[in-house]
Amino acid sequence: MPFTTAAVLAFAALVGLAILARTALTAWNGWLDLQRTQLARPADGTHHALGLIDLSDIKERLRKLEAIAAGVDL
């Protein structure tokens with residue numbers, strides 16, 4: 001294998017490794033930011049998803065009560 005071919009392959013491998021390292025570092029920093037955000041969240045025990053579940057439960061109960069008031073048998 002000529003020297004220029006080996007040099008080009010080595011350079012390409014080095015560039016690929018640098019791209020992978022940069023991507024991994026960016027992902028690591030993003031994960032750390034996510035963890036910081038989660039730690040900064042108030043610890044009152046309420047979550048947005050739980051609020052949505054509670055809201056849908058209340059809507060379902062209201063629908064049933066309205067049906068009972070209207071005389072519809074569920």
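1. Helices (H or I, at least four residues) and strands (E, at least two) are DSSP runs, numbered from the N terminus. On that basis the protein has two helices and zero strands. The model is predicted: local features need pLDDT of at least 70, side-chain atom pairs count only at pLDDT 80 or more, and totals for chains, interfaces and linings use all residues. Residues are numbered from 1 along each chain as its sequence is written, and side-chain values use heavy atoms, with hydrogens and water left out.

2. Accessible areas come from the Shrake-Rupley method with a 1.4 Å probe, and for residues only the protein chains shown count as cover. A residue is buried under 20% relative accessible area, exposed over 50% and partly exposed in between (1.4 Å probe, protein chains only). Of the 74 residues in the protein, 1% are buried.

3. On the surface, a nonpolar patch is formed by Leu-25, Trp-28, Trp-31 and Leu-34, which together have about 430 Å² of accessible area. Patches consist of residues with over 30% relative accessible area and no salt bridge; like charges are joined within 9 Å, and nonpolar side chains (Val, Leu, Ile, Met, Phe, Trp, Tyr) within 5 Å.

4. One aromatic pair is present in the structure. Trp-28 and Trp-31 form this pair, which is stacked, with 5.3 Å centre to centre and 25° between the planes. Rings of Phe, Tyr and Trp (its six-membered ring) pair if their centres lie within 6.5 Å; planes under 30 degrees apart count as stacked, over 60 as edge-to-face and the rest as tilted. Trp-31 belongs to helix H1 (residues 3-40), and Trp-28 lies three residues apart from Trp-31 in H1, about one turn of the helix. Trp-28 is partly exposed because its relative accessible area is 48%; for Trp-31, also partly exposed, the value is 43%.

5. A salt bridge requires a side-chain nitrogen of Lys or Arg within 4 Å of a carboxyl oxygen of Asp or Glu. The count by this rule is three. In helix H1, Asp-33 and Arg-36 are three residues apart, so about one helical turn separates them; their closest N and O atoms are 2.8 Å apart in a salt bridge. Arg-36 counts as exposed at 51% relative accessibility, whereas Asp-33 is partly exposed at 43%.

6. Helix H2 (residues 48-70) holds Arg-61 and Asp-57, four residues apart. Their salt bridge has its closest N and O atoms 3.4 Å apart. Glu-60 and Arg-63, both in helix H2 and three residues apart, meet in a salt bridge of 2.6 Å, N to O.
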